[in-house]
Amino acid sequence: YLANKYGEKTLEEGGLKVYTTLDSKLQNIAEEAVKTGVEKYSIKYNANNAGLVAIDPKTGQILAMVGSKDYFADVSPAGCTPGKNCLFEPYVNAAISQRQPGSSFKPYVYVTAFKKEFGFSPATMLMDFGSFNGKNYVPGNYNGQSYGPLSMRKAIAGSLNVPAVKTLALVGVENAAQTARDLGITSPLADCGLSLVLGGCEVRLLDHVAAMSTIANGGIKNEKTPILKIIDKEQNVIEEFKSKPQTVLDPEAAYEVISIMTDNDARSYVFGPNSPLVLPGRIVAAKTGTTNNWHDGWTMGFTPSLAAGVWSGNNDGTLLKKGADGVLVA
């Protein structure tokens, strides 16, 4: 960030004092969570790496960022070629790597549908029968079942694929992509067609958490930042955090998608009543994602004061074991 903004020469010779937004307590918790999680799930699910980002929705400040399970560890397996066939690479920052988000992208499509110009609501009924046939695109639901007529609330809470694709077809691919960009996604989101809603376009974990934090903040976006203050060798403040909130989403639409993402009863018919998405005694919004053939696992969540996301998988794209759902590995 500093090299891009001020140049390598300034970075090396400017005597800069950099105060980051990272909260050392939360950063330590995040690093430990990633390390112990990978130790647990590398054996059970062949998920050999993970990344975690946490952001304060009210400021956009990055409170924790973990790019791999251990920056000082060796590549694995031993003798692999970085960038080609390593399950784990310590120096690759998974938090800013492009990965397919699976169903964790769905809230951006549904919140588009809830905008005033489209007029849908959580009570809008959709038909979940068989598969959606649209220009040779035929997705089915993750569990192979069909649920018939059901509300958008139940469809997104249960992370059903067929209603999600139908919703995207109703609002338009570009409209949904623009919503995601407005919220904080910086990836191109191009050439995915209807697969966009199922995570067909890659995103960065850092952006994904930032976009979720905008929803958590009621549609008010605070640009993500890792910097509180930078002072040069003459003690001049050359950069300092200043809040610049911007409303990018109808608060009503944000409220409706938050209502669904916090509704454990609504997702229990698929996830069960006591899934890892439940935090005892605390209302929390959550959405998981699992890419085709268990390629990547995601879990995104937030409260009004904290948005966090985890990616779990392998650096070289090696598939996880069957059943490595995002709700389990991330």
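Y71, F72 and Y91 make up a nonpolar surface patch with about 470 Å² of accessible area together. Patches consist of residues with over 30% relative accessible area and no salt bridge, joining like charges within 9 Å and nonpolar side chains (Val, Leu, Ile, Met, Phe, Trp, Tyr) within 5 Å. A salt bridge is a side-chain nitrogen of Lys or Arg within 4 Å of a carboxyl oxygen of Asp or Glu, and accessible areas come from the Shrake-Rupley method with a 1.4 Å probe, where for residues only the protein chains shown count as cover.

The model is predicted: local features need pLDDT of at least 70, side-chain atom pairs count only at pLDDT 80 or more, and totals for chains, interfaces and linings use all residues. Residues are numbered from 1 along each chain as its sequence is written, and side-chain values use heavy atoms, leaving out hydrogens and water.

Y71, F72 and Y91 also form one aromatic cluster. Across the whole structure, a search finds five aromatic pairs (ring centres of Phe, Tyr or Trp, the last by its six-membered ring, within 6.5 Å; planes under 30 degrees apart are stacked, over 60 edge-to-face, the rest tilted). One of them is the edge-to-face pair of Y71 and F72, at 5.4 Å centre to centre and 85° between the planes. Both Y71 and F72 are exposed (over 50% relative accessible area; buried is under 20%, partly exposed in between, with a 1.4 Å probe and protein chains only).

F105 and Y108 form another edge-to-face pair, 5.0 Å centre to centre with 90° between the planes. F105 is buried, at 1% relative accessible area, and Y108 is buried at 0%.
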